[in-house]
Amino acid sequence: MSNRSSSFARQLPIGAKCFVTMSSSAFIPFWLCDRPRDTFLSYVPKDDLLSLRLACYDFSVRAAPHLFKEIAVTFREKIFTKPVRMAALSRIGQHVQTLKFTIPHSGKTFLPPLVDTSGIEVAFIYEPYIGSAKDPVTRHSIPTYGSWEMNDLLVKQYPPLFHDAAKVPAFIQAFSAMPNLRHLEISCPGQPSEERQRRSVVDYALISLRIAVERSNLSRLRTLSLSPIHPGAVQYLNPSLGFGVTPRSTKCWRQIRQLDIHMDTIESGSPVDHLKFLHSYLQNFAPFLTEFNFRWQGASGTKGPSPVSLATESCVQATSCSHECHERCGLPLPCLRFEKLRDTEIMNILSDSPQIKGFIRKHRRTLESLKLNGVEFRLGDWDDALSPLTEISGSEKWKETAEEVMDVPLMLSPAIFEQEQRIRDWKDHVKSRTSSSKPLQGALHRASAKGKELLFGTEEHMRRLLSGSILSWL
């Protein structure tokens, strides 16, 4: 290889050096073989893939599926309306399999009430506009928000970010450019708790996003992640009760097999409407999910009710209502039934043991893995909650394999070294007792050896050591 080629090879990562030093007769068959080439490109960092695409056209075409397999989009002004951006998305959209769409809350997303010229508040009933901006018969422009008076108020009083969020055709065009999308992750961080009863730009963007997914041909979409999400978001993402829904709206969401939700915790004393919206939202996915993960999260560490047992929560049950809707309000919420659920993980919940027991018993034929972390019982305990496992197995042998895991800080202090010295003294003492019986001597020797192994082992070994009978916590 020439000096120039050697200098170029030194600037590339290790995997790429072998690629450059390879002779042309060996390189061409390697590059034209799909499996070796794709395996190699899957290990190349994104920064190196960017440089590789500048080498030649063929390199650019082969590296593009790996470089644009996962993309992240943050919603801002003119994100889907600039022709240059949409042209770039149309070129790489076929390679996108994972899309992380972030719609952050900020001071610009808050929407104040609409007032007319006399200072009177005006009610704004939003209806998503999907059709053409002009009448096909008269060729005159059509008001986007119902009437020209309302259009004028919204243009003058609401920020441009709101109008970009309400442009449903732009969202449809963007998602239609990603036909191979498999995983959609929606993130709405930063909502203050005092604004949960107010509508913001984020809510209108979620409506447009939901309609765009329903109108695009995303036949490979299987995973949906809402992390993190504010409690009111599921109202606008609901394909059966949301804004602008049609009889075909739920068809696309029935493809989802894995649903992950990290929702902000609802403070005590707040209206229960958000819990009802969550229950209604999960009803659309429950019959088709094979994996469901849910977590309540909040800065104060507060917990929330179990999302799979909201129908049995007393605070969600029907309360007083008006005479016109008394019959509808009196109907109890239907229980969720996950017909194909195999794996589920629920974290930071405040539950009753009968709720967990009923969930296990109802899904015992399909459920393979159940993880419950951060559970606080209002009624009952773990023995009552996991009693269906005894009924299923026919015995209580499953309790023998149960292992309690807790986090213990690993700190190297003089006390630990004193314990090490005690183990050595005990080992020498055991060896010196030659008159002891061989079974006892062998047991003590194994116990001391195990203690030493645990002491010099991993953090998990240290946990078992500190909770065992060989040593006591000092």
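**Entry 1: H5 and H6.** I began with helix H5 (residues 46-53) and H6, whose axes lie 8 Å apart and pack at an angle of about 155°. This is a predicted model, so I keep in mind that I am reading a prediction. Angles over 145 degrees count as roughly antiparallel, and H5 and H6 are therefore roughly antiparallel to each other. I also looked up the hand of the crossing: H5 passes H6 in a left-handed one.

Which residues meet here? From H5 I noted Lys 46, Leu 49, Leu 50, Leu 52 and Arg 53. Facing them in H6 are Phe 59, Ser 60, Ala 63, Ala 64, His 66 and Leu 67. Sorted by class, the contact of H5 with H6 holds 7 nonpolar, 2 polar and 2 charged residues.

**Entry 2: the buried side of H6.** Next I asked which residues are buried in helix H6 (residues 57-67). My list reads Phe 59, Ser 60, Ala 63, Ala 64 and Leu 67. They span an arc of only 135° around the axis, so they sit on the same side of H6. Looking back at the first entry, I find these residues again among those of H6 that meet H5.

**Entry 3: H4 and H6.** H6 has another partner in my notes. The axes of helix H4 (residues 34-42) and H6 come within 10 Å, crossing at roughly 55°. H4 and H6 are therefore oblique to each other. The crossing of H4 past H6 is right-handed. On the H4 side, the contact is made by Arg 37, Asp 38, Leu 41 and Ser 42. H6 brings Arg 62, Ala 63 and His 66 to it. By class, I wrote down 2 nonpolar, 2 polar and 3 charged residues for the contact of H4 with H6.

**Entry 4: H7.** Then I turned to helix H7 (residues 83-92), where the buried residues are Met 86, Leu 89 and Ile 92. Because their arc around the axis is only 135°, they lie on the same side of H7. What is exposed on the other side of H7? There I found Pro 83, Val 84 and Arg 91.

**Entry 5: H10 and H11.** H10 makes the contact with Val 168, Phe 171, Ile 172 and Phe 175. H11 answers with Ala 205, Ser 208, Leu 209, Ile 211, Ala 212, Val 213 and Arg 215. The classes in the contact of H10 with H11 come to 9 nonpolar, 1 polar and 1 charged residues.

**Entry 6: Pro 160.** Last, I stopped at a proline in a helix: Pro 160 is found in helix H9 (residues 160-165). Is Pro 160 buried, partly exposed or exposed? Its relative accessibility is 48%, so Pro 160 counts as partly exposed. I also looked up how Pro 160 is placed relative to Lys 108: they are 52 residues apart in sequence, and 9.7 Å apart in space from C-alpha to C-alpha.

Note on methods: Residues numbered from 1 in each chain as written. Predicted model: local features only at pLDDT ≥ 70, side-chain atom pairs only at ≥ 80, totals over all residues. Heavy atoms only, no water. Contact = heavy atoms within 4.5 Å. Helix = DSSP H or I, 4+ residues; strand = E, 2+ residues; numbered from the N terminus. Nonpolar A, V, L, I, M, F, W, Y, C, P; charged D, E, K, R; others polar. Buried < 20%, exposed > 50% of the residue type's maximum accessible area, 1.4 Å probe, protein only. Arc of directions from axis to C-beta. Axes fitted to C-alpha atoms, helices over the stretch in contact; angles between N-to-C directions. Parallel < 35°, antiparallel > 145°, perpendicular 65-115°, else oblique. Left-handed = near helix turned anticlockwise from the far one by under 90°.
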